[in-house]
Amino acid sequence: MKDRIMLSGIRTGSYIGGMAFVYLVFMMIGSVVYYLAARLFNFDLGMKQPIGFLLMMFIANVLSVAIYLFASTLVKKEDSLWFMASFVLLPMALFSGVLFPYEFMPDIMKKIGTLFPQRWISLGIENMQRTGTFVSALPQIAMIIVLSVILFVIAVYRSRLHKTAT
């Protein structure tokens with residue numbers, strides 16, 4: 001399908017941007033539904049201003065889109081994308097302390113975990129819970145945004161290379 005769309009003469013960046021936008025919008029809708037359910041059922045998000053949690057979820061959505069766009073340029077078949085993403089993202093989540101309490105992990109796993117963006121998201125949420133302000137998460141947010149932009153640029157570049165090769 002992508003090859004047929006690309007034959008129409010649409011720019012690679014426009015195609016990828018459009019796909020990313022649609023994916024991001026639907027992910028954000030899911031995040032809003034989750035947030036509203038949490039508020040409706042009085043979940044304790046551990047924050048003075050729980051809207052910060054929703055904003056961090058939106059930033060995680062942006063990262064997710066960038067990771068999947070990048071990963072889609074590495075595989076030939078769409079079926080491989082799910083396997084590849086699971087193979088990469090699950091161990092990253094394991095080391096970053098998303099699946100298990102970070103403070104109980106061995107030091108070597110903690111050091112490895114600090115390299116992964118899921119840890120940055122968790123740390124940003126923990127900072128907001130501790131300080132009560134969104135500003136305390138700005139360093140982590142900046143790292144996530146920069147990584148997302150880098151992955152998006154690489155995805156566009158690799159897609160252009162693939163387009164010119166065919």
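**Notes on the aromatic residues and the overall fold**

1. Let me begin with Phe 83, which counts as exposed at 60% relative accessibility. Please keep in mind that this is a predicted model. Phe 87 counts as exposed too, with a relative accessibility of 60%. The ring centres of Phe 83 and Phe 87 are 6.0 Å apart and the planes meet at 15°; the pair is stacked because planes under 30 degrees apart count as such. Both residues belong to helix 4 (residues 78-96), where they sit four residues apart, about one turn of the helix.

2. In total, the model has five aromatic pairs. One of them joins Tyr 34 and Phe 53; this pair is tilted, with 6.3 Å centre to centre and 40° between the planes. It links distant parts of the chain: Tyr 34 is in helix 2 (residues 12-40) and Phe 53 in helix 3 (residues 51-72), 19 residues apart. Tyr 34 is partly exposed, at 43% relative accessible area, whereas Phe 53 counts as buried at 14%.

3. Now for the whole chain: it contains seven helices and zero strands. Of its 166 residues, 37% count as buried. Among contacts with a separation of 6 or more, 58% are between residues 24 or more positions apart.

4. Finally, the surface: the accessible area of the protein chain is about 10,600 Å², and carbon and sulfur atoms account for 71% of it.

Methods: Residues numbered from 1 in each chain as written. Predicted model: local features only at pLDDT ≥ 70, side-chain atom pairs only at ≥ 80, totals over all residues. Heavy atoms only, no water. Helix = DSSP H or I, 4+ residues; strand = E, 2+ residues; numbered from the N terminus. Buried < 20%, exposed > 50% of the residue type's maximum accessible area, 1.4 Å probe, protein only. Contact = heavy atoms within 4.5 Å. Areas by Shrake-Rupley, 256 points an atom, 1.4 Å probe, with all protein chains shown as cover. Phe/Tyr/Trp six-rings, centres within 6.5 Å; stacked < 30°, edge-to-face > 60°.
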